[in-house]
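Hi everyone, thanks for coming.

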Amino acid sequence: QEVYVPNGQSKDVTLSDGSLLRLSAGSRLIFPSEFDSNVRRVYLSGEAYADIAKDEHRRFVVSTEQVDVVVYGTKFNVRSYEANSEVELMLFEGSVDMQTKSLKQNRTVAMRPGDFIKLDKRSGRITYESVKSDMFGESSGAQRLTFINSRLGDISMQLERLFDVRIIIDQADLAEERYYSAFVNNESLDRIL
């Protein structure tokens with residue numbers, strides 16, 4: 001099955017095993033009607049908050065273009081849009097492994113609650129920070145919008161998806177500048193800008 005979330009919207013998807021994925025604007029999820037006996041795997045392009053049902057006999061994997069998130073029954077947020085320059089993964093509870101793919105040297109990074117990992121798709125560099133997970137909240141996306149050392153170009157693309165608008169940055173060096181920001185009170189686009 002395939003679910004696409006248009007810009008300006010979000011959508012909850014409950015999988016056959018009871019796992020919940022909350023998809024943000026501009027996201028696409030491909031998943032089976034029923035999982036097979038070996039592994040529970042879904043394919044994501046975009047952003048999702050995931051609350052994965054525990055199953056000791058079948059691991060759960062969220063596959064994106066750049067990484068596989070191997071889940072051991074947990075809550076996390078993954079942002080992996082094709083157009084963005086970075087993949088971001090925030091772990092709220094439980095444990096996951098982030099496995100890179102399509103790089104010269106692939107790596108596996110084990111995560112603990114509160115870990116925030118960013119993979120730069122241009123350089124393959126992985127950065128790590130420990131952050132308070134309440135900055136993201138379980139409703140990551142339209143209600144809680146957090147950027148940790150993010151390029152302004154990626155921030156503007158996220159705002160375009162969430163608010164269904166077009167933002168133009170006419171200076172290439174400005175699009176590369178990095179910012180930390182959190183919007184946790186359902187701010188309007190005008191307020192965020």
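Let's begin with a term: a salt bridge is a side-chain nitrogen of Lys or Arg within 4 Å of a carboxyl oxygen of Asp or Glu. Before I use it, a word on what you're looking at. This is a predicted model, where local features need pLDDT of at least 70 and side-chain atom pairs count only at pLDDT 80 or more, while totals for chains, interfaces and linings use all residues. Residues are numbered from 1 along each chain as its sequence is written, and side-chain values use heavy atoms, with hydrogens and water left out.

Okay, an example. D17 and R40 join their side chains in a salt bridge, at 2.4 Å from N to O. D17 sits in the loop between strand 2 (11-14) and strand 3, and R40 is in strand 5, so this pair ties together parts that are 23 residues apart in sequence. When I say strand or helix, I mean DSSP runs numbered from the N terminus: helices are H or I with at least four residues, strands are E with at least two.

Is R40 buried or exposed? R40 is buried, with a relative accessible area of 2%. The cut-offs here: buried is under 20% relative accessible area, exposed is over 50%, and partly exposed is in between, with a 1.4 Å probe and protein chains only.

Next pair: R41 and D68 form a salt bridge through their side chains, at 3.8 Å from N to O. R41 belongs to strand 5 and D68 to strand 7, so here parts that are 27 residues apart in sequence get tied together. R41 is partly exposed at 25% relative accessibility, whereas D68 is buried at 13%.

How many salt bridges are there in the whole structure? A search finds 18. Some of them link up into a network, made of E47, R79, E86, E88, K118, D120, R122, R151, E176 and R178. Zoom in on R79 and E88: their closest N and O atoms are 3.1 Å apart. R79 is buried at 4% relative accessible area, and E88 is buried at 7%.

Another member of that network is R151, which you'll find in strand 14. R151 is buried too, with a relative accessible area of 9%. What does R151 touch? Leaving out residues up to four places away in sequence, R151 is in contact (heavy atoms within 4.5 Å) with S85, E86, D120, R122, A175, E176, E177 and R178. With E176 there's a side-chain to side-chain polar contact at 3.0 Å. A polar contact is a pair of N or O atoms within 3.5 Å; within protein, one must be able to donate a hydrogen and the other to accept it, and residues adjacent in sequence count only if both atoms are side-chain atoms.

Staying in strand 14 (residues 145-151), look at N149. N149 isn't a glycine, yet its phi is positive, about 55°. N186 also has a positive phi, near 55°, and isn't a glycine either. N186 lies in the loop between strand 15 (178-183) and helix 3 (189-192).

Now for the greasy part. In soluble globular proteins, nonpolar side chains tend to be buried together. A nonpolar core is a set of buried Ala, Val, Leu, Ile, Met, Phe, Trp, Tyr and Cys residues joined through side-chain atoms within 4.5 Å. The largest one here has 29 residues, and L23, V69 and F76 have the most contacts inside it. Which strand gives the largest share of this core? Strand 5 does, with four residues. Take F76: beyond its neighbours within four places in sequence, its contacts include A48, V62, V69, L89 and V96.

Finally, let's zoom out. The protein has three helices and 15 strands. Its radius of gyration, taken over C-alpha atoms, is 16 Å, close to the 16 Å from the globule rule (2.2 Å times the number of residues to the power 0.38) for 193 residues, so the protein is as compact as a globular protein of that length. The C-alpha trace spans about 50 × 35 × 30 Å along its principal axes. And 51% of the 193 residues are buried.
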